[in-house]
Amino acid sequence: MKHTHRWFGRAALILVMVLLLTVTVFATGESASAPTDTGATSAVAVDSDASTPQQASAGSRFSLWSECTDCEATGTCSTCDGSGKVPSSTAAILSLVLFCATLVLAFIFKLNSGLVAIVVSLVLCWITGIPEKFLLSSFDSKMFLMLFGVMYLFSIAQENKTLELLSKKTFALCRGNAKLLPIVVFLVAAVIAAIGPGPISVSALIAVLVVSLAREVNIPFINLAAFGLLGSFAGGLTPITPSGLVAAQKAEESKVFGIGLELPLKMALTCVIYGAILYFFVFKWHKAKKVAIQPDSASAPFSFMQLATLAGIVIVAVVSTVFSVNVGLISLAVSVVLTLFKAADEGAALKKVPWGTLIMIIGVGILISMVTKLGGISLLSKWLQAIASAKTAAAIMGVLAGVMSWFSSASGVVMPTLFPAGAEMAANMTGVDAMSIMVAVGIGAHMAAMSPVSSCGGLTLAAYSSGNVTAEQRNKVFLQLFLLSATGVLFGGVLALLGLY
């Protein structure tokens, strides 16, 4: 069996390399072979300073670009950015198919999906004629700094045993009763998130704690991480959190008031119901047995450097929330101070940073930018909106918000975009309530944030990867988080369909 699998892998590798070479030659030769006329450029010819193909002849063999119907040849069209070309449905479908293929290929052959995603993005550039500078500009430096800063800080906390001791003290609150552990994790995350930090900062903190707790109890990481994520969302939409403030502001701009109370309550209720289903039917925590803890391990006092590390983590949560400082930058600042005072060995802490996970998240993010550029996300949106009715409007918009949130920010993109759309839909459709749609959008967008390519899910995966895990284990958790996110989005849609929102 192993021999067969090895030869299958070699055959697949040769096939992929041949395909890549063929696409490269074919795409680079397009400008020479595509039909042209006087003053026209080829279908894939591009301006070195542009992010979309220039005006092209109608004979493109791929038919990946079509004429912009909104463009009046003024060069100021917002639809096509003045290029006169927009992605065709073929391009959108191709991008979605290659995105799915990337995840499947990486999982089957145990590759870093971020590296595969970058290569696939490059191939899409060659095929569609999009300049490679767009691919480079898709590198999310903000996400990279946020993840690296938080990873490095918690690598220090792991190196000096702060997290190990904290996890033991937390578990000691359950008096060795493993059944209470997910409940404690959920409540701690919800309370901390509700007082201001919001989901991102809290999910980062809880995720690292969960790594040690899961090892202490000897259970799969996802069995406990799910409750940390749900807890951070349950409390993360109160009116004093960043997401809660954005929701209230955007709703008021659309003349919808009262969402500051409605959204966090419905979000918390959704997380509790979803969490209960996971607790009893998926992970079966009610059948967990008692776990003995060494008495001295939980009662040992924190050292001065461990207390300083904990103080640094609190400072990160407060400063990133109160002063709106990037959580990665303030984490780096605190990390440097801690290493200056020898709270941990810098070299050892840097080695614990999960660089493979960083590449995975950033690489997949680049491919997602390509999918968005080629109209893949817009195509999904149109499919969902086309089937909406008065009864299903909230559910459809909630699922749409979740899909969009996989590829963009819940509070920065999804709610500001879909709240006005929801208000307009309510105004144009009889029996549709704008508040219900906005609540469904807010919940769907944040349930999707459990995805490993989103902030909260990405930080959770980063925390898991900071330990001694194999590429296969990391890829497994990557898919588990994505499944948890997708199921959560659909679950929120079902609740909206039942009228809970």
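A cavity here is a set of grid points where a 1.4 Å probe fits but cannot get out, and its volume is the space filled by probe spheres set on those points. With that in hand, let's explore this predicted model.

**Exercise 1.** Find how many cavities of 30 Å³ or more the structure holds, and describe the lining of the largest cavity.

*Solution.* Start with the count: there are five cavities of 30 Å³ or more. The top contributor is α9, with four residues. Finally, sort the lining by class: 11 residues are nonpolar, two are polar and none is charged.

**Exercise 2.** Work out which element gives the largest share of the lining of the second largest cavity, and how that lining divides by class.

*Solution.* First, the space: the second largest cavity holds about 80 Å³. Then go through the lining, which includes Leu147, Val150, Met151, Phe154 and Ser155, along with Ala204, Val208, Pro354 and Leu459. Two or more lining residues come from each of α6, α9 and α22 (455–465). Among these elements, α6 supplies the largest share, five residues. To finish, the class tally for this second lining is 10 nonpolar, two polar and no charged residues.

Technical notes: Residues are numbered from 1 along each chain as its sequence is written. This is a predicted model: local features need pLDDT of at least 70, side-chain atom pairs count only at pLDDT 80 or more; totals for chains, interfaces and linings use all residues. Side-chain values use heavy atoms; hydrogens and water are left out. On a 1 Å grid over the protein atoms alone, a cavity is a set of points where a 1.4 Å probe fits but cannot get out, and a pocket is an open set with protein on both sides within 12 Å along at least five of seven lines; lining residues have an atom within 4 Å of a point. Ala, Val, Leu, Ile, Met, Phe, Trp, Tyr, Cys and Pro count as nonpolar, Asp, Glu, Lys and Arg as charged, and the others, Gly among them, as polar.
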